Amino acid sequence: MAFREYKIGCWMFGIALSLSMFITIVLPGLDISSMSSTKVALEKQLTYGWESGFNYYDPFLQGKDKPIKVTLTKSPKTGAAIDKTHAYVFPAGTHFPDGLTHDNILGDGVQQVSESKGRIGDATEEKGGVFLVQTDANDTPYIEYATATRGWTVAATLKAADEQILAGSGKTIFVREGCWWCHTLLPEETQDWQDFGRPPLVGDFNGESPTTFGSDRKAPDLLHVGSRNSSREWMTMHFFNPRLVQPHSIMPRYDYLWGDKDVDGKAVDLAAWDEHFMRYAAGDEIYPPEVPIPAADSEARKLIDFVLNLK
Amino acid sequence: MLKYLFAKEDDIPQGTAAIFFGVSSIAWFIIGTGLGSFNAAKLAFPDFFHGLYALQFGHMRQVHVHAVIFGWIAMAFAASMMYITPALGNTKLWSEKLGVWNCLLYNVGLCLALALLWSGVTSGREYSDHIWPIDLYIAFVMVVPWSLNVWMTILNRRTQGIYTTNWFFAACMFMTIIVFLIGNMPEWLHLTGLNEAYMTWWFAHNILGLLITPVAAAITYYIVPKVTGNPLYSHRVGHLHFWSIVVFYSTPAAHHLMSSPLPEWLKSFASVEGVLILVPAVAYVCNILLTMQGKWAMFVENIEIKFTITGVLLAIPLNMQGGFQQTRAINWYIHGTGWIVAHAHLALLGFSTFAEAAAVYYGMQVLLRRKLYSASLANFHFWMLLIGFSLYWTSMTISGLIQGAAKIYEVPYVDVVIAEHPYMIVRWLGGTMVFFGNIVWLYNMIMTARVGDIVPVGRQPAEVAYTR
């Protein structure tokens, strides 16, 4: 019996669905893909690396396979003083973001300048290297492969760095811990300018994955949180127990991201801390317990670096 | 059920797969709403159970969503399709054995998928959170065999023509597979940036619009005429519903990202198409309510009709909200607030759940050939669901309006959190009522299977009087 009395219907169905897919996938895809990267997009790609969600190289979302953002005030090659610069260090084997490996992500002008002036064509994942985000005379942002243009090696750059910002690994923790179920990363175009800052532009996302806009805002937008509040001490206390700095907060505690040992190698005893805190909350103690400073390789440190780096 | 896994096809009683899916769906409904109630408690009292890090909100939120969508809603759909499709084709299910295997592998896959999500292994995309190996499993082990059973049953039907419900079933399974494979492509092809963000919401919109809403509607197209005995009011209005779903519901994906920097033409197009969703919505609701002519007493007396029609009535505010809240004039105010959470629950816990609950109630009685154990417990379940949902919806809508007002007046965010606190408590109470109602439902169903009165051959369960 089959569908033969429905032959026309089947054709109409196929045509209608194909047309709808063409309008809602192909046309927007072409339009969005034609947008050039902004400087923000270049910085994000070099900070977050290839992928912050599930992937082969970091299947359990532990923040592996990520570049390190560093602050430099002296040249890694000569040691001479330079203006404060952010460099993005990809240790050998770290996977590059799509902008460095695909020709169509950065956008026409940006891709051209990054190749001619920035020499990104010389970079390979096997060797790794150091990258900078620059702007040329025409105001076009581009990526500079500093290992080729300035001779900055990975080891020398990490050694010369004033600070290492583990925001790339931190974004993976941000995705894994589900921070984006409550905090959006998308100030809205209509009314969020004053509180949450400039809404993103169309080219701000090229090469970023996932974008974790968030949809259900139960907490402040975080896209520019590092500009509103740049205090590492506040962030540390807030992540450990948000009620320490904001009694009305409904954010969960992230004290388990501290791991076993704090920065001094002392054991982190959450049960004892909690007992002390409950006495403080009941009014039996005058001061809350001290918040341990997270160890340099702890997940808490990576997450705090990510949040503070959201400028 | 498991004894039929290796039985010969002819030795498996008809309806086995549907019963297996039906029981699973009720179990997942309890798990899903239990998780929801637990999460809601955390939003009201953030230090609730804070010592157990596995029960962290950020890890559990998506487990609730996927347990409810893939566990309850999709499995209730599968249960409905496995008995309604053959009934409407005057034939038997193409393969009960495939159905039983399908249900077993569905449950196994869902446990694995939720365990991974729970431990934080996620793609970081809302609604397409599952990692791509799980996506492939869902598509080819969970959905394709299910679709195959539906399509082959329709092809092997012994009736002239296909009834409305079955067009929807066949087409929706087809569209689901297409939407699922295309919607998860960003992960396979490593699409990035706005393309990826847009495709995330393209998937989320279409999986709701082309699977959940139309299949729930298709179920009511079967239950209402079948139980009341009235013919469907209009086959043509059904056509209008079907075609306008295909054309209008598959296009407004971008209205989920109205305040993001997507191309303006795309947002305007999506917004207009979004209003046009009112065409299938109005056609559908009118068609079902007019089918009820002369039988409105059953809305009070018959538990399946009570559930179904409540679902259809909830579709009215659902579609009015849905059509207008995504226009620029309104969206800027309520975007990303609790209003949207309320709307999502109106669609899934309101309209869709009530329709599916009716289908599972009815299907279990027909397949087991046993009258429902207790009318009182069923009514208790109904009111727990309806009151629980109403509390939830009202509190979240109010909290959404508070958030919206706070957005334009730009008050410090913590003041919003303080103002929302009482509504978060009500939300938790509402969700908990739904959870407890479902436990009663499971008990009622188990007792129906064990000691329910036998329905005589040739009789409908609705024609037999309740004894309890």
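In particular, over the face of which ring does Lys371(B) lie, and at what distance from the ring centre?

Tutor: This is a predicted model, in which local features need pLDDT of at least 70 and side-chain atom pairs count only at pLDDT 80 or more, while totals for chains, interfaces and linings use all residues; side-chain values use heavy atoms, with hydrogens and water left out. Residues are numbered from 1 along each chain as its sequence is written, and chains are lettered from A and ligands numbered from 1 in the order in which they are written.

Lys371(B) lies over the face of Tyr466(B), at 4.0 Å from the ring centre. A charge sits over a ring if NZ of Lys or CZ of Arg is within 6 Å of the ring centre and within 35 degrees of the ring normal. Chain B also places Lys306(B) over the face of Phe382(B), at 5.5 Å from the ring centre.

Turning to contacts between rings, a pair of aromatic rings is described by the distance of the centres and the angle of the planes. Rings of Phe, Tyr and Trp (its six-membered ring) pair if their centres lie within 6.5 Å; planes under 30 degrees apart count as stacked, over 60 as edge-to-face and the rest as tilted. Over all chains, a search of the whole structure finds 48 aromatic pairs. One of these joins Trp180(A) and Trp181(A): the ring centres are 4.3 Å apart and the planes are at 25°, so the pair is stacked. Both Trp180(A) and Trp181(A) are buried, where buried means under 20% relative accessible area, exposed over 50% and partly exposed in between (1.4 Å probe, protein chains only).

In the pair Phe38(B) and Phe48(B), the centres are 5.4 Å apart and the planes are at 50°, so the pair is tilted. Phe38(B) belongs to helix 1 (residues 16-44) of chain B and Phe48(B) to the loop between helix 1 and helix 2 (57-89) of chain B, so the pair ties together parts that are 10 residues apart in sequence. Helices (H or I, at least four residues) and strands (E, at least two) are DSSP runs, numbered from the N terminus. Phe38(B) counts as buried at 17% relative accessibility, whereas Phe48(B), at 29%, counts as partly exposed.

Finally, one aromatic cluster is formed by Phe13(A), Trp167(B), Phe168(B), Phe174(B), Tyr221(B), Phe242(B), Trp243(B), Tyr284(B) and Phe351(B).
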